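Subject: Structure for your files

Hello,

Below is the structure for handover. My notes on what turned up in it follow.

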Amino acid sequence: MLPFNLCWSENLKNLKLPSSAKHANDKLLGIKKKRRLSIYSKTFQFNSGVLLCLGFVALLLLWFFGSLQSYPILWFQFRFRGYEKVDPFIFQNCSKVDFGRRFAVVIPFIPKQTNRVLSNLKRWASLEYFPCDTLVDSLVIESTDLFFYYDMPLDHPSVQESIHTLTRWLRKEPLQSVVSSCFHNVRFISANLSAEQSTNSYKMDFVKSSVKTEGTVRQFRAVVNHPSLINTHRHFFYMEPDHIPIRNRWLSAIFNDSLQGDFWMKGSLMRYKPRFSCAFEPYRTQYLRHINGNAIYKVGDPCFMRFLENVYREYPDFAFDTSINFYRLDLRHYITYQYTAHRFQVTEVMADLGVVRYDEDRLRSDLPNTYTAHGKFMYTEKQLGWQKY
Ligand SMILES: *[C@@H]1O[C@H](CO)[C@@H](O)[C@H](O)[C@H]1NC(C)=O
Ligand SMILES: *[C@@H]1O[C@H](CO)[C@@H](O)[C@H](O)[C@H]1NC(C)=O
Ligand SMILES: *[C@@H]1O[C@H](CO)[C@@H](O)[C@H](O)[C@H]1NC(C)=O
């Protein structure tokens, strides 16, 4: 009875429905139409109130205990309609890794974040966080390039200004020596998006508890087969400006990790305590298992390209990493999962820390094999909030 009491307004509770005797009386006396109408409308209000309540309770129960992809329902679908037909283009004629090709560190950003990129680069320059060991890591240094990756075309005035600032800093110490010691080439490239294409709407989807980051997704989609990488590089490490080193020789560690296994994406799970999520099942647990987008990616594998197209057909706008993982971990795509699960690998060389703040020394002792960390943990409270990268 509880929900009724909760939702039934006083006004409606006091409402007395006409008894049949009175009803007959009303008829006899020719009760005014207006009064009868008001009785009906109150009855209707009562019904819609109850319905609303029941609906709310059902939603709450679904949120607590249910799933939008309930296994029994999926199973019946499998029985009657057959299993998913797997797309042959995601597993036939895939390219093998060509280890003769180069490795890249790609920093995706927008001109507004130039200072954030600079402060990360300055961190690299200190011995504590130096990317490589110049004496022993010669293979890494010879075969790794650094890419500054803009959203808008390189000749856009704001991009021009950012390139100008960065080059000025890169030509002097301490940045000059760290970048020239650990990287072979430095290049500025772009996704060539228009200002509108690069914008994130941050519209919230409460069912999936995800925000739409259209611009960020477009920038990522343009990098996996970018003309500056596709014929020359085998993997790139997508390192957003808020992804920072916590140990030295991090580049060497990530480079080494990229040599293990023929994966499409290798990155970190969330390494922080789960926070409240308003999402419905299965999205909330899929989220907990997602591999963060700051990861190592394979370049130019047609099977990976095809897989990403399939993902974006289903999830065009959410953060690209959660979309990939929503698709991958969805039971409706279980057959696809059988063919592609090995393409997605988890590593502890990097750690995704979200917006949680950490003490760095503790972080290093908790994560003894981790070299870089992604998150806003080094920013002050005021600098937090919605930021593109
Ligand atoms: C893979 O290559 C073979 C041989 O060239 C071809 O017969 C097959 O159709 C290709 N598969 C796909 C999905 O393109
Ligand atoms: C963007 O345009 C430049 C100049 O035309 C070109 O070199 C570059 O490859 C383009 N980038 C992409 C992702 O197409
Ligand atoms: C990467 O691998 C090389 C060769 O096995 C090794 O010498 C180097 O120490 C490794 N780098 C790191 C940071 O572990």
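I start with strand S12: Thr372 and His374 point one way from it, Ala373 and Gly375 point the other way, and all are buried. Buried here means 20 or more other C-beta atoms within 10 Å of the residue's own, with exposed at 12 or fewer and partly exposed in between; C-beta atoms are placed from the backbone. In a regular strand, side chains alternate between the two faces of the sheet. Helices (H or I, at least four residues) and strands (E, at least two) are DSSP runs, numbered from the N terminus.

Before the rest, the conventions. The model is predicted, so local features need pLDDT of at least 70 and side-chain atom pairs count only at pLDDT 80 or more, while totals for chains, interfaces and linings use all residues. Residues are numbered from 1 along each chain as its sequence is written, and chains are lettered from A and ligands numbered from 1 in the order in which they are written.

Around S12

S12 (residues 372-375) is joined to strand S11 (residues 350-354) by four bridges, and the two run parallel; strands pair if DSSP finds at least two bridges between them. Met350 stands opposite Thr372, and Gly354 has Gly375 as its bridge partner. From S11 the chain passes through helix H16 (residues 360-366) to S12, a right-handed β-α-β crossover. Right-handed means that, with the strands pointing away from the viewer, the path from the first strand over the helix to the second runs clockwise. Four of the five residues of S11 are buried. S12 also runs antiparallel to strand S7 (residues 243-245), with three bridges; there Ile244 is the bridge partner of Ala373.

Chain and core

The protein chain has 16 helices and 12 strands, and buried residues make up 33% of its 389 residues. Contact means C-beta atoms, placed from the backbone, within 7 Å. Among contacts between residues at least 6 apart in sequence, 80% join residues at least 24 apart.

The largest nonpolar core has 72 residues, and those with the most contacts inside it are Val105, Val106, Ile107, Ile254 and Tyr297. Strand S1 (residues 102-109) gives the largest share of this core, six residues. A core is a set of buried Ala, Val, Leu, Ile, Met, Phe, Trp, Tyr and Cys residues joined through C-beta atoms within 7 Å. Beyond four places in sequence, Val105 is in contact with Thr144, Leu146, Phe147, Phe237, Met239 and Leu251.

Ile296 lies in strand S9 (residues 295-298). Ile296 is buried because 26 other C-beta atoms lie within 10 Å. Not counting residues up to four places away in sequence, Ile296 touches residues including His235, Phe237 and Ile254. In helix H14 (residues 320-328), nine of the nine residues are buried.

Ligands

A residue counts as near a ligand if its C-beta atom, placed from the backbone, lies within 6 Å of it. By class, Ala, Val, Leu, Ile, Met, Phe, Trp, Tyr, Cys and Pro are nonpolar, Asp, Glu, Lys and Arg charged, and the others, Gly among them, polar.

- Ligand 1 is surrounded by Pro88, Phe89, Gln92 and Asn93: two nonpolar, two polar and no charged.
- Ligand 2 has Pro153, Ser190, Ala191, Asn192, Ala222, His226 and Pro227 around it: four nonpolar, three polar and no charged.
- Ligand 3 has Val136, Arg249, Ser252, Ala253 and Asn256 around it: two nonpolar, two polar and one charged.

Regards

Conventions
Two residues are in contact if their C-beta atoms, placed from the backbone, lie within 7 Å.
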